[in-house]
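Here is a brief report for modelling work. It starts at a metal site and then widens to the rest of the chain.

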Amino acid sequence: MQQERLLKVLVIGDLGVGKTSIIKRYVHQIFSQHYRATVGVDFALKLLNWDHKTVVRLQLWDIAGQERYGNMTRVYYREAVGALVIFDMTRASTFQAVLKWKGDLDSKVALGNGRPVPAVLLGNKCDQLSTDLCSKLPKLENFTRDHGFVGWYETSAKDNINIDAAIMCLVESIMAVEEERPPAGDPRDPSVLVSPRFDYNRTGMREGDGKYSVCKRESDSSMMH
Ligand SMILES: Nc1nc2c(ncn2[C@@H]2O[C@H](COP(=O)(O)OP(=O)(O)OP(=O)(O)O)[C@@H](O)[C@H]2O)c(=O)[nH]1
Ligand SMILES: [Mg+2]
């Protein structure tokens with residue numbers, strides 16, 4: 001018998017980094033140069049035939065970049081089981097904001113075992129990188145590992161680069177979560193919302209099948225400068 005899993009995934013990052021564009025590319029296979037800022041939150045749904053007995057309903061929550069300064073994100077983050085944290089590779093300030101978004105995420109939602117929900121880091125607009133800019137870019141492997149991301153990818157919503165791969169990396173991590181809610185009356189801080197448990201040892205670092213993801217390869221590069 002087929003079973004359905006509903007996964008709520010947050011798409012977060014500064015204003016204009018390409019959150020809406022990434023979702024539109026992934027769900028509708030379209031891209032527009034035209035920028036219309038998201039107001040509040042928007043939603044998109046993608047159905048995935050995960051395996052012969054599981055259909056995944058992937059619910060993508062497109063949070064407006066300006067929302068980090070608002071009060072609503074705690075409500076939006078409720079029961080999320082994963083996140084895509086996005087920055088714009090052509091704007092350093094959006095990379096500096098990544099840790100603020102990740103900190104915000106981890107302070108508002110957690111897994112049943114108290115660990116952070118799986119998050120993948122996306123450096124978007126890689127189609128715009130000049131060789132000049134490339135040399136100035138941070139080396140992301142160590143950064144991602146040090147800050148608890150399960151993987152990172154250079155992406156382009158415009159040219160459809162690595163969007164599927166990044167989201168698959170996240171969904172694989174989420175699907176490895178053991179379905180286990182904390183018992184009723186759990187004494188933990190009630191202000192941190194709790195999601196199903198995720199066992200990092202089970203997804204671990206796998207080898208071979210991905211160029212950009214630290215959840216799929218080990219690395220030896222240095223930190224950002
Ligand atoms: N060249 C290029 N432009 C992109 C890419 N992704 C998005 N853009 C452009 O960047 C601008 C902002 O994209 P959005 O997807 O609206 O950004 P957002 O993160 O949703 O912005 P907010 O809703 O304000 O938080 C738009 O003009 C897009 O066309 C990309 O991969 N490459
Ligand atoms: Mg948007």
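Thr38 counts as buried, because its relative accessibility is 15% and the cut-off for buried is under 20%. The model is a predicted one.

**Metal site**

The ion is coordinated by the OG1 atoms of Thr20 and Thr38, at 2.0 Å. Thr20 lies in helix 1 (residues 19-28), while Thr38 sits in the loop between helix 1 and strand 2 (41-51), so the pair ties together parts that are 18 residues apart in sequence. Thr20 is partly exposed, at a relative accessible area of 23%.

**Helix 1**

Which residues of helix 1 are buried? They are Lys19, Ile22, Ile23, Arg25, Tyr26 and Val27. An α-helix has 3.6 residues a turn, so residues three or four places apart point the same way. The buried residues of helix 1 pack against several elements. The strands are strand 1 (3-13), strand 2, strand 3, strand 4 and strand 6 (119-124). Helix 7 (163-175) is also in the list.

Gln29 follows helix 1 and has a positive phi, near 55°. Gln29 is not a glycine. Its place is in the loop between helix 1 and strand 2.

**Largest pocket**

The largest pocket has a volume of about 790 Å³. It is lined by 33 residues, and those closest to its centre are Ser21, Ser32, His34, Tyr35 and Arg36. Helix 1, strand 2 and strand 3 (54-63) each supply at least two lining residues. Helix 1 gives the largest share of the lining, with 4 residues.

**Single residues**

Glu79 also has a positive phi, of about 65°, although it is not a glycine. Glu79 is found in the loop between helix 2 (73-77) and strand 4 (82-88).

Lys108 belongs to helix 4 (residues 98-108). Is the residue buried or exposed, at 12% relative accessibility? Lys108 counts as buried, because 12% falls under the 20% cut-off. The side chain of Lys108 makes a polar contact with the side chain of Asp104, at 2.8 Å.

The table collects relative accessibilities for residues discussed here.

| Residue | Relative accessibility | Class |
|---|---|---|
| Lys108 | 12% | buried |
| Thr38 | 15% | buried |
| Thr20 | 23% | partly exposed |
| Glu79 | 49% | partly exposed |
| Gln29 | 52% | exposed |

Gln29 counts as exposed because its 52% is over the 50% cut-off. Glu79, at 49%, counts as partly exposed.

**Whole chain**

How many helices and strands does the protein chain have? There are 8 helices and 8 strands. The chain has 225 residues, and 48% of them count as buried. Take the contacts with a separation of 6 or more: residues 24 or more positions apart account for 73% of them. The accessible surface of the protein chain comes to about 11400 Å². Carbon and sulfur atoms hold 50% of that surface.

**Recap**

Helix 1 links several of these topics. Gln29, with its positive phi, comes after helix 1.

Definitions and conventions: Residues are numbered from 1 along each chain as its sequence is written. Chains are lettered from A and ligands numbered from 1 in the order in which they are written. This is a predicted model: local features need pLDDT of at least 70, side-chain atom pairs count only at pLDDT 80 or more; totals for chains, interfaces and linings use all residues. Side-chain values use heavy atoms; hydrogens and water are left out. Buried means under 20% relative accessible area, exposed over 50%, partly exposed in between (1.4 Å probe, protein chains only). A polar contact is a pair of N or O atoms within 3.5 Å; within protein, one must be able to donate a hydrogen and the other to accept it, and residues adjacent in sequence count only if both atoms are side-chain atoms. Donors are N, O and S atoms within 2.8 Å of the metal (3.2 Å for Na, K and Ca); water is not among the atoms, so sites may look incomplete. Contact means heavy atoms within 4.5 Å. Accessible areas come from the Shrake-Rupley method with a 1.4 Å probe; for residues, only the protein chains shown count as cover. On a 1 Å grid over the protein atoms alone, a cavity is a set of points where a 1.4 Å probe fits but cannot get out, and a pocket is an open set with protein on both sides within 12 Å along at least five of seven lines; lining residues have an atom within 4 Å of a point. Grid points are joined across faces, edges and corners, and a volume is the space filled by probe spheres set on the points.
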